[in-house]
Amino acid sequence: MTTERPEPSNIDWFILLPIVALLLFSVAFVYSASAAFADVKMGSSSGMAWNHAIRVMLGLALMLLFAKIDYRLFERPSSTIMLIAYGFLFMVLVMGVSQKGASRWVQIGPVNFQPSELAKYAVVLHTAVLLSANQARVRTWKHGMMPVLMWSLPVSILIALQPNLSTASVIFLIVVVMMFLADVKFSHLLTLGAAGFTVAGVYAMTAEYRRRRLLSFFAGDGGPVDENVRYQVDQALIAFGNGGFTGVGPGQSRQRDWFLPESYGDFIFSIVGEEYGFIGICFLIGAFALIMWRGYMVAKKAPDAFGRLLAGGITTTLAVYAFVNAGVTCGVLPTTGLPMPFISYRDWE
């Protein structure tokens, strides 16, 4: 009996087309959200949009290239990729580029690189390898959960020390979801989740700015809040209110012009809501929902456990980032620095 092998050219168009649409529309979104800021910072209102467009084209090319490669080729070197990710994360702590009060970038020649982006997918890859290799014994603590934690927890710890608690927490959450997909014992997952939530909560209270974020979020409009912490969320909500059902029109946002910091980055979702309204937001969320549904369908139909867990892990990563970003922008989750996948402009200058 032979094992079915997937065709390298077998692309799921219900995943590819929404991703391509999001990437192409993101150029227009970034241009509109960044025009005023880019005009002052770069001397051209289209400067940031051009930078983003170049990255979009590069990303599309890499995506199509990797779609032609058999995913099994990444199974054997997964531990080496993890060690490389560890190395870059240590470099951040030693010689990282400081930006907005945190060191999250490493400069290699003329290029700045954010190691946590590599680390999160390295964790997904290696977690899929470990869980698929121990599939017969995955419901035991020793062979199911412990090997995964030994490799993934150092990544979360190193990222939390940058400090970047939000990314560290999301990576931990993704690992928990992957263990759930691998049928790790549910009582073990509950114990791990409770421990992780407790540790994250205690760590969040060790820094003044994190305490202010949490207290402002839980206080809401009815209690004492730090206006500096609430400012971005309040401005984002004003943008949604301006947009109404149909939006004010492309390029007509008022909040982007100095009222909303990071209007082109972590809070670009609110500019989409202002310019394209509730209808635009529904299309955006619908695209991510379609990607999520098809991603899990691909995982379900994968010919082996490694492929199933890898596809499930990547899909979970995109889904968590998208919906956490949307939740933060709408004020239903505490403020974090997570970008909207395929949409946000990442400023490393």
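**From the chain to a helix pair**

Reply: In this predicted model, the order of elements along the sequence is α-α-α-β-β-β-α-α-α-α-α-α-α-α, and the chain holds eleven helices and three strands.

Me: What radius of gyration does the chain have, and what would a compact globule with 349 residues have?

Reply: A compact globule with 349 residues would have a radius of gyration near 20 Å, and the chain, with 21 Å, agrees with that. Along the principal axes, its C-alpha atoms fill a box of roughly 60 × 45 × 45 Å, and 46% of the 349 residues count as buried.

Me: Among contacts between residues at least 6 apart in sequence, how many join residues at least 24 apart?

Reply: For the chain, that share is 69%.

Me: How do the axes of helix α3 and helix α5 cross?

Reply: One looks at how close the axes come and at the angle between them. The axes of α3, residues 78-95, and α5, residues 141-160, come within 10 Å and cross at roughly 20°; angles under 35 degrees count as roughly parallel, and therefore α3 and α5 are roughly parallel to each other. The crossing in which α3 passes α5 is left-handed.

Me: Which residues in α3 and α5 meet, and of what class are they?

Reply: From α3, the residues S79, M82, L83, Y86, L89, F90 and L93 meet M150, W151, P154, V155, L158 and I159 of α5. By class, this contact of α3 with α5 has twelve nonpolar residues, one polar residue and no charged residues.

Conventions. Residues are numbered from 1 along each chain as its sequence is written. This is a predicted model: local features need pLDDT of at least 70, side-chain atom pairs count only at pLDDT 80 or more; totals for chains, interfaces and linings use all residues. Side-chain values use heavy atoms; hydrogens and water are left out. Axes are lines fitted to C-alpha atoms, for helices over the stretch in contact, and angles run from 0 to 180 degrees between N-to-C directions. Helices (H or I, at least four residues) and strands (E, at least two) are DSSP runs, numbered from the N terminus. Angles under 35 degrees count as roughly parallel, over 145 as roughly antiparallel, 65 to 115 as roughly perpendicular and the rest as oblique. A crossing is left-handed if the near helix is turned anticlockwise from the far one by less than a right angle, and right-handed if clockwise. Contact means heavy atoms within 4.5 Å. Ala, Val, Leu, Ile, Met, Phe, Trp, Tyr, Cys and Pro count as nonpolar, Asp, Glu, Lys and Arg as charged, and the others, Gly among them, as polar. The radius of gyration is taken over C-alpha atoms; the globule rule is 2.2 Å times the number of residues to the power 0.38. Buried means under 20% relative accessible area, exposed over 50%, partly exposed in between (1.4 Å probe, protein chains only).
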